[in-house]
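Please open the model in a viewer and keep the selection tool at hand. The stops below are arranged so that each selection leads to another.

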Amino acid sequence: MKKNIILFLSLVFSAQFAFASVIDSTRAVAVKGATNFRDLGGYETKQGTHVKWNKLFRSGEISKLTDADLMMLDQKHIRFVVDFRGNDEVAKAKDRLPKNAGYLQLPAGSENLGSWMAQMAKMNSADSLMESFYSQTSHLKAKYQPFFKALLKQPDSSALLFHCTAGKDRTGVGAALLLYALGVPEETILEDYLLSNEFRKEENEKMVKGMVQMGIKEKVAKDLAGVKREYLMATYNALISKYGSVDEFLKTEMELSNNDLATLRKKYTN
């Protein structure tokens, strides 16, 4: 039973159903073999520009992409994939990559979930657990600095996809940091983060049902399967507490100079 619960949690890991107000249908990428696959384009920045469409994509794991899916990704010029999953996750579900796409795995912070097991049956809510996870900063440099370096190196003709297992937690933090670096307002970043509740609605309902059958309280299961504003805010608050500001974090830990930030904005906004 413990192995089954760990397997379930590995699908959830990546935070209650807090529904985003509006889904832009043009944001969804209609693949059959992955969930939560969407385009980060169109968001307005504080500078009055917009994130370019068809340049930055986020998703859940892509081990089950169909041949038609891969053809679509190739047509979208996705030439680089960043995988935020841990080694065990990758071993169980290796990515199917678009044609000629580069690949970078960044497993830091994706360690074994078994340590969570002792807490599950006794918990009435997983909010504190999720906020604790989102507040951890020790792994952020190893996980996201190479992500930014890859973004800076991409040819102007190429697009980049980044993902974890569910495409909501580790991918959510990565998307938040990227959008912040591009100048997107914090409230818009939170709205993008919360879209995972809608894009994963059916998968989350199935996941919650399965975890309840395994003896996990429904509230706990929903907390683990969905995302909440408070979860991502825990990351923001941790960065501000440790570095003084998100800008300082990007400068010191992500090693993004003013020139780097200008390059990112030139490449990915217009």
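Predicted model: local features only at pLDDT ≥ 70, side-chain atom pairs only at ≥ 80, totals over all residues.

Select Phe 147: apart from residues up to four places away in sequence, Phe 147 touches Val 82, Phe 84, Leu 106, Leu 160, Phe 162, Gly 174 and Leu 178. Contact here means heavy atoms within 4.5 Å.

Residues are numbered from 1 along each chain as its sequence is written, and side-chain values use heavy atoms, with hydrogens and water left out.

Within the largest nonpolar core, which has 64 residues, Phe 147 and Phe 148 touch the most other members. Helix H7 (residues 170–181) supplies the largest share of this core, eight residues. A nonpolar core is a set of buried Ala, Val, Leu, Ile, Met, Phe, Trp, Tyr and Cys residues joined through side-chain atoms within 4.5 Å. Buried means under 20% relative accessible area, exposed over 50%, and partly exposed in between (1.4 Å probe, protein chains only). Helices (H or I, at least four residues) and strands (E, at least two) are DSSP runs, numbered from the N terminus.

## Helix H6 against helix H14

Next, select helix H14 (residues 258–268) together with H6; the two pack at an angle of about 55°, with their axes 9 Å apart. Axes are lines fitted to C-alpha atoms, for helices over the stretch in contact, and angles run from 0 to 180 degrees between N-to-C directions. H6 and H14 are therefore oblique to each other; angles under 35 degrees count as roughly parallel, over 145 as roughly antiparallel, 65 to 115 as roughly perpendicular and the rest as oblique. Their crossing is left-handed, a term used if the near helix is turned anticlockwise from the far one by less than a right angle, with right-handed used if clockwise.

Which residues make the contact? From H6 come Phe 148, Leu 151 and Leu 152, and from H14 come Asp 260, Thr 263, Leu 264, Lys 267 and Tyr 268. By class, the contact of H6 with H14 has five nonpolar, one polar and two charged residues. Ala, Val, Leu, Ile, Met, Phe, Trp, Tyr, Cys and Pro count as nonpolar, Asp, Glu, Lys and Arg as charged, and the others, Gly among them, as polar.

## Helix H12 and its partners

Select helix H12 (residues 229–243) with helix H8 (residues 186–194): they pack at an angle of about 130°, with their axes 10 Å apart. That angle makes H8 oblique to H12, and the crossing of the pair is right-handed. Glu 187, Ile 189, Leu 190, Tyr 193 and Leu 194 in H8 meet Arg 229, Tyr 231, Leu 232, Met 233 and Tyr 236 in H12. The residues of this contact comprise eight nonpolar, no polar and two charged.

Keep Tyr 236 of H12 selected. Is Tyr 236 buried or exposed? Tyr 236 counts as buried because its relative accessibility is 8%. Beyond its neighbours within four places in sequence, Tyr 236 is in contact with Ala 176, Tyr 180, Ile 189 and Val 246. Tyr 236 and Val 246 are ten residues apart in sequence, and their C-alpha atoms are 7.1 Å apart in space.

Turn to H5, whose axis comes within 8 Å of that of H12, the two crossing at roughly 35°. This crossing is right-handed. Thr 137 lies in the loop between helix H5 (127–135) and helix H6 (140–153). At 15% relative accessibility, Thr 137 counts as buried, and leaving aside its neighbours within four places in sequence, Thr 137 is in contact with Ala 238, Leu 239 and Lys 242.

Most residues other than glycine have a negative phi. Asn 54 is placed in the loop between strand S1 (38–39) and strand S2 (56–59), and at 37% relative accessibility Asn 54 counts as partly exposed.

Finally, select His 77, also not a glycine, with a positive phi of about 65°. His 77 is in the loop between helix H2 (67–75) and strand S3 (78–83); with a relative accessible area of 42%, His 77 is partly exposed.
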